[in-house]
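Grab a pencil and take a look at the chain below. Try each exercise yourself before you read its solution.

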Amino acid sequence: MSRIAKHLLPDSARTNALGHLEIGGCDLISLAEKFGTPTFVYDEAHLRARCQEAVRAFGKQRVVYATKAFLCGAMARLAYEEGLLLDVATGGELFVALNAGVPGSACVLHGNNKSIEELKMALDADVQHIVVDNFDELDRLDALHASGAKRARVQLRITPGVAVHTHEFVSTGQDDSKFGFNLRNGDAQRAVDRVRSSASVEFVGIHCHIGSNVFAAENFTQAAQIMVDFANQLGVDELTLGGGLGVAYIEAEHAPTITQWAESLAAATAKLNKTTKVFVEPGRAIVASAAVTLYRIGSIKQLPGIRTYVAVDGGMSDNPRPVLYDSGYEAFLPARADADRTERARVVGKHCESGDVLINDATLPSGYAVGDVLATPVTGAYGHSMGSNYNKVTRPPVVFVRDGVARVVVRRETYSDLVSLDVADSV
Ligand SMILES: Cc1ncc(COP(=O)(O)O)c(C=O)c1O
C-alpha cells in the first residue's frame, strides 16, 4: 500500500518540508506535542467548504446540519454562520446550539421519543419546525397547547418503505423501523388527517430519512420519488429528504460529492410542486473527512504466524464505530506522511475489551515504534459525538486548525471532570 489516499484527508492536508503531514498549515507532530494525544484535529476551512458546497447546491436555509454527527459550540456557530439550519435530536443538542448563540429559529427538533419537556423547550425557543415522529408526540403537543404553549410548526416524519444498502443499525426508511409514520399501512395518512384538523399544530410538511452512510444514488432517488408523490398529493409547503450521504472511510471507497447528491435529488424531485421548498439534513458528509485523530503508540506485540497488535492511547471511547458497525478505517504516521505502508497490524485501543479494535487489518510504514504518533483519518463524524468515558478514559480535546493557527474548541477532559457529577455521601 502506498501513502494514505488523498481523498481520505482534509482538503488542506499536505506534506511539509520535514516530511510531516500538516493540516490547516499546522504540523500534526507539533500538534500532538502541544495538545497531547488522543486529539481530534479538524480542518476549519474544510468544514466551511462543505457547508458552502451544500448551500450552493440546495440554497440558504435549506440545509439542516445534523448535529448528532459532531456538535460543540464552535461547530454550531460555524454551521449557522455558513447559512445552515441545525437539526437537534434531543433537548441536550438544542441546549448546546442555543448556548452557542444559535437562535432557536435556526433549529429543527427531531427525535423518536421527544419528552414533553423537550417539546416545550423547542416551542419556547421558537424553533423553525418540529419533525413529529409518532402519535404520542401529537398527544403531547395537544397537551402543551391546551396549557398555553404556542402552535407548533410541524413536519411529519414518514417511513417510505425503502430499504437501503448500509448497516442495519443505521437503516431507517424500511417498514420495520422505530422511526416515523408508516406510509404503506396508512399511518402516514392518518397522521396527516389528524394534524390538518388540529388546533394545536400547524402542518407545514413531510420528512423522510432513509439511513446513514448511504452511497447508492438510487436509494435516495427511490425515496425522493415516493415522497414527491405524497407531497404533491397533500400539497404541502415543505419536504425534507433527510441526510445520510455516505463518505469514504477506506482507500477503496469513493462516495458521491454533496453536489452530485444534489443533482440526483434534483432529478428525482423534478415533478414536485414548484411552491414546495426542499430541505436536506446532511451530517457526516459535512464533517467526517474534515478531521483526523492523533494517537500515540504505547505498545507493540508481535505474535509470529498470527499477527501484530499495535495499541494506542485511545480506542472505542473516542471512536465506537468499528465496534458498533464493524466500520473500516485506515492509519498512517504523520511523521512520515509519504512513506509506503507495507506492514500489516491490528490497531487496538487501551480499553479492557478484546473488542476494542480501531482497525482490524491496518497497513503502516515499516519501522514504526512505541512513542510514534499514529493518525486515523475520517474521524470527524460520530466519533467525538458518540464517545464515552468507558474505563474512565478522559475524552480527547477538539482542535480546529486554520491558516497555521490551532485553537482548542473543546478542552481535554480531566480526572476532576470524571468525579464532578458524584454527590458526596450523606450519612
Ligand atoms: C433524521 C436524521 N437526519 C439526518 C441524519 C444525518 O445522517 P448523516 O450523518 O448520515 O448524514 C440522521 C442520522 O441519523 C437522522 O436520523
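**Exercise 1.** Work out how many helices and strands the chain has, and why it counts as compact.

*Solution.* Start with the elements: in this predicted model, the chain holds twelve helices and 20 strands. Next, take the radius of gyration, which is 23 Å. The globule rule gives 22 Å for 427 residues, and 23 Å is close to that, so the chain is as compact as a globular protein of that length. For the outline, the C-alpha atoms fill a box of roughly 70 × 65 × 45 Å along the principal axes. Now look inside: 50% of the 427 residues count as buried.

**Exercise 2.** Find the domains of the chain and describe the side of domain 1 that touches domain 2.

*Solution.* Then turn to the contact, where domain 1 puts in 28 residues and domain 2 puts in 22 residues. On the domain 1 side, the elements giving two or more residues are β4 (39-43), α11 (321-325), β19 (398-402) and β20 (405-410). β19 gives the most, with four residues. Finally, sort that side by type: 15 nonpolar, nine polar and four charged.

**Exercise 3.** Which residues come nearest to the ligand?

*Solution.* Begin with the 17 residues around the ligand; Ala 66, Ser 212, Gly 243, Gly 283 and Arg 284 come nearest. Then sort the shell: five residues are nonpolar, eight polar and four charged.

Methods: Residues are numbered from 1 along each chain as its sequence is written. This is a predicted model: local features need pLDDT of at least 70, side-chain atom pairs count only at pLDDT 80 or more; totals for chains, interfaces and linings use all residues. A residue is near a molecule or strand if its C-beta atom, placed from the backbone, lies within 6 Å of it. Ala, Val, Leu, Ile, Met, Phe, Trp, Tyr, Cys and Pro count as nonpolar, Asp, Glu, Lys and Arg as charged, and the others, Gly among them, as polar. Domain bounds come from an automatic or database domain assignment. Two residues are in contact if their C-beta atoms, placed from the backbone, lie within 7 Å. The radius of gyration is taken over C-alpha atoms; the globule rule is 2.2 Å times the number of residues to the power 0.38. A residue is buried if 20 or more other C-beta atoms lie within 10 Å of its own, exposed if 12 or fewer, and partly exposed in between; C-beta atoms are placed from the backbone.
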